[in-house]
Amino acid sequence: MKLRIMTLAAALAAAALAAPAEAKTFRYAFQGDLNALDPYTLNETFTLGALGNVMEGLTKRDRDLKIIPGLAERWEIAEPTRWRFYLRKGVKFHNGEDFTADDVVFSAERALSPESNIKSRIAAGTKVVKVDDHTVDFITTGPNPILHYEWDTWYIFSKKWSEDNGATKVQTSSSQLSPFTLKANGTGPFLVESHQPGVKTVFKPNPKWWGKPEHNLTEIIFQTIKSDATRVAALLSGEIDMMDPVPVQDIARVKANASTDVLTGPELRTIFLNMDSLRDELLYSDVKGKNPFKDARVRKAFYQAIDMEAIHSRVMRGNSANSALLISPLLFSRAAEFKRHAYDPDAAKKLLAEAGYPNGFGVEMDCPNDRYVNDEAVCQAVVAMLARIGIKAKLNAMPKAKYFEKAGATQKYDSSFNLLGWTPGSFDSHNVLLNLVGCRDGKGSGAFNYGGYCNKQVDDLANKILIETDNTKRDDLIAQAFRIVHEEAGLIPLHQQALAWGVSKKVKIVQRADNQILFYWAQKE
Amino acid sequence: MLAFTIRRIFEAAIVMLTVALMAFVLFRFVGDPVNQMVGQDTTLAEREELRERLGLNDPVIVQFGRFIWNAARYDFGVSYQVKRPVTSLIAERFPATFELALTAALFAVLLGIPMGVYTGIHRDSWLSKLFLSVSLIGISLPTFLIGILLIYVFAVQLGVLPSFGRGEVIRIGGWTTGFFTASGLKALILPAITLGLFQMTLVTRLVRSQMLEVLRTDYIKFARARGLSDRAVNFGHALKNTLIPVITIIGLQLGAIIAFAIITETVFQWPGMGLMFIQAVQNADIPVMSAYLLLVAFLFVLINLIVDLLYVWIDPRVRIYGREA
């Protein structure tokens with residue numbers, strides 16, 4: 001009897017091994033929707049990540065975010081202002097067309113068209129010139145060391161397909177969705193089989209992909225699950241193999257379950273506080289006639305009053321990495337040189353007294369409550385900690401749609417003290433120095449500088465960083481700029497929040513720090 | 001009768017306009033839709049241009065006028081987020097909500113009425129007490145908690161029912177239905193119970209109190225004196241007379257079920273109108289929000305109108321009042 005069962009088992013195992021293509025369906029869920037399949041429409045991590053399985057850029061980034069060749073096999077800097085890219089030969093789009101230099105030129109035009117949401121991928125004024133079918137030159141207006149830093153998410157469209165499908169123009173933000181945005185045609189390892197926005201999207205492997213597949217999937221199904229509790233339940237019940245994000249309070253539970261686990265890792269986004277140091281009088285404070293935040297001692301007092309260890313262990317339950325910089329340490333080689341100003345309420349009180357506020361003062365704090373991990377709870381903790389040094393902060397927590405309107409450019413930075421998070425799209429410090437730290441000039445610089453911090457020295461350094469092509473010198477300039485901001489506590493960095501993906505133990509998937517969900521390296525038992 | 005109807009329709013139109021106006025004024029406080037439409041790297045000039053193109057810089061009264069003028073022609077604009085016409089979005093999402101609401105209503109009626117009758121007749125039996133305790137839970141627990149509890153028990157612990165979604169659907173013309181597939185029917189069970197539980201308890205309690213009242217009346221005593229069977233008395237005479245108010249309530253509750261499926265749909269990721277509305281609120285998607293609110297107002301107004309007209313037809317006293325007025 002026993003023998004018979006063993007024979008049967010062996011036979012079954014043999015059958016399983018012999019089966020040429022066992023169905024490996026990978027189901028995953030995210031809290032947000034996948035709407036238009038035109039990656040130039042919405043510059044957002046999840047959408048770009050999902051489409052990164054289907055479409056490809058000239059460059060790619062590997063598991064550790066290092067830049068590697070994509071549709072370009074290699075490239076060289078022919079002159080400081082002319083980069084030459086050699087395209088991969090024999091690559092075909094999903095509909096069978098060949099990939100050539102024309103597609104690159106066309107995609108550059110498309111990316112720079114007025115309706116495009118990814119214009120920043122290609123530096124303004126850059127000319128794209130076809131040399132031959134598989135060589136393209138990029139002529140820049142000045143030396144640009146980070147020309148190709150964001151090209152892993154500048155996906156190449158087929159020129160002919162776009163013309164045939166009326167997709168030469170980017171879907172505008174305001175007008176109706178064109179039918180082509182429900183389809184996708186790329187060169188990537190997966191193709192979109194069906195797409196119902198807001199409900200379900202099905203991907204299938206592309207059998208004719210140019211690379212060597214490192215996954216074993218036969219089908220991928222994406223579904224949106226908005227409610228946190230339901231997303232967790234769907235994972236625990238085995239209906240899905242992976243989901244993002246796991247709410248902080250459920251991490252322990254998902255880990256404790258026998259068939260699921262949580263993948264955690266540092267995210268690139270940095271959370272920080274802005275103080276209005278621009279206006280002559282604060283809009284929301286009981287100090288009249290002057291602005292306490294103009295005094296670096298007051299800003300530093302705020303900095304030193306915040307106990308980040310407590311926020312790390314209590315509010316974030318260990319799922320964050322405290323930061324001394326406005327950029328993730330993964331993105332700046334010399335980040336280790338920077339240490340946070342120590343938590344020291346007594347020193348903070350002394351600084352406040354020196355600045356002329358021995359009894360503190362009152363100020364209102366604006367905070368989103370549905371944007372970042374536990375954002376409102378972080379703000380509440382900050383408010384409570386500031387109370388210990390006599391600062392009476394009043395918290396206004398609000399939904400992100402309202403928050404970004406009030407604290408941002410729309411209502412002319414109508415805020416005195418607020419919390420914001422930022423991931424530099426280029427994965428580079430210049431983006432941070434320009435958007436978050438640069439003096440607000442109403443054009444481009446400091447557009448997300450919600451506190452209006454302004455130091456000409458930092459701006460000058462940023463301009464040098466933009467064109468410095470020597471990496472060592474460049475990093476040195478960046479360190480100098482960050483040093484100034486750090487010393488005078490222009491902004492207060494808090495932490496990098498952690499990624500938390502819930503995964504079934506049957507699945508192995510690579511979690512990249514940029515939170516793109518890619519199936520390139522996914523294995524399912 | 002005609003005057004009554006015309007007056008009612010006129011009143012309905014005023015209600016709709018008021019809802020639209022109030023909704024529109026409120027939208028000024030939901031936040032900035034532009035920030036939700038573009039990526040973080042979009043420049044201020046581009047944002048401003050988009051705001052201008054969407055007409056968000058116009059005075060509210062101009063925006064409202066434009067909205068009413070378009071709505072009168074059944075054009076609710078294009079969703080800021082999904083970038084498709086709101087009318088087609090609603091048409092696509094309506095079947096899911098309608099099937100869920102219908103199932104929930106059937107669940108409420110088919111279970112609620114027998115339970116009400118039973119508890120009305122056997123007031124002191126332990127089963128009645130059990131029914132009433134269950135209905136107390138249905139009334140006092142919030143919907144999202146019931147949903148999550150059901151998911152926890154039936155999807156996570158027992159693994160017999162799906163925790164989210166609608167299962168496989170079949171497309172018939174412009175309508176999608178989950179009634180004809182096994183996975184569609186399975187997916188319907190938990191959300192329908194969650195959504196219908198409150199209505200079920202309402203029906204149970206309503207039928208019970210009506211039964212208690214009717215059973216005391218003279219004609220029931222008379223029927224019993226005539227020697228009719230219990231069944232004939234309870235169902236033929238008593239139940240029939242309890243049903244008039246019950247039907248009214250159920251009609252009105254159907255509107256409520258459709259309108260307030262929002263929470264249930266969010267918990268179960270049910271791809272209906274309520275889920276669409278929640279997403280629209282979070283993203284300040286004004287065209288979707290305004291169209292949804294108008295649609296809900298329209299449903300309520302329509303159901304009220306039908307109920308009023310039914311009253312006139314059923315109850316002669318209302319008819320006389322209507323003629324005099």
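Before I list anything as buried, I need the cut-off: a residue counts as buried if 20 or more other C-beta atoms lie within 10 Å of its own, with C-beta atoms placed from the backbone. I also keep in mind that this is a predicted model.

**Helix α7 of chain B**

I started with α7(B), residues 143–157, and checked its length. At 1.5 Å a residue, its 15 residues should span 21 Å, and I find the end C-alpha atoms 20 Å apart, so the two agree. I then looked for a bend and found a kink of about 25 degrees, centred on Ile151(B).

Ile151(B) is also on my list of buried residues in α7(B), along with Ile146(B), Gly147(B), Ile148(B), Leu150(B), Phe154(B) and Ala155(B). What do the buried residues of α7(B) pack against? I get α8 (182–215) and α11 (262–267) from chain B, plus α5 (228–236) from chain A. Just past the helix, I noted a positive phi of about 65 degrees at Gly159(B).

**Where B touches A**

I count 40 residues of chain B in contact with 41 residues of chain A. On the chain B side, the elements giving two or more residues are α2 (33–37), α3 (44–53), α7 and α11. Which of them gives the most? It is α7(B), with 5 residues. Sorted by class, this side of chain B has 20 nonpolar, 15 polar and 5 charged residues.

**A hairpin in chain A**

Next I went to strands β6 (127–132) and β7 (135–139) of chain A, which run antiparallel and are joined by 5 bridges. They form a hairpin, with 2 residues between the strands. I looked up the partner of Asp132(A) too: it bridges to Thr135(A) in β7(A).

**Ala447 of chain A**

Last stop was Ala447(A), in the loop between α12 (429–437) and α13 (456–467) of chain A. Is Ala447(A) buried or exposed? I find 23 other C-beta atoms within 10 Å, so Ala447(A) is buried.

I then looked for what surrounds it. Leaving aside neighbours within four places in sequence, Ala447(A) is in contact with Ala409(A) and Asn435(A), and also with Thr43(B) and Leu44(B) from the other chain. I also noted Gly408(A), which is 39 residues from Ala447(A) in sequence but 8.2 Å away in space, C-alpha to C-alpha.

Terms used. Residues numbered from 1 in each chain as written. Chains lettered and ligands numbered in written order. Predicted model: local features only at pLDDT ≥ 70, side-chain atom pairs only at ≥ 80, totals over all residues. Helix = DSSP H or I, 4+ residues; strand = E, 2+ residues; numbered from the N terminus. Expected span 1.5 Å × (residues − 1). Bend = angle between axes of the 7 residues up to and from the residue. Buried ≥ 20, exposed ≤ 12 C-beta atoms within 10 Å, placed from the backbone. Contact = placed C-beta atoms within 7 Å. Pairing = 2+ DSSP bridges. Nonpolar A, V, L, I, M, F, W, Y, C, P; charged D, E, K, R; others polar.
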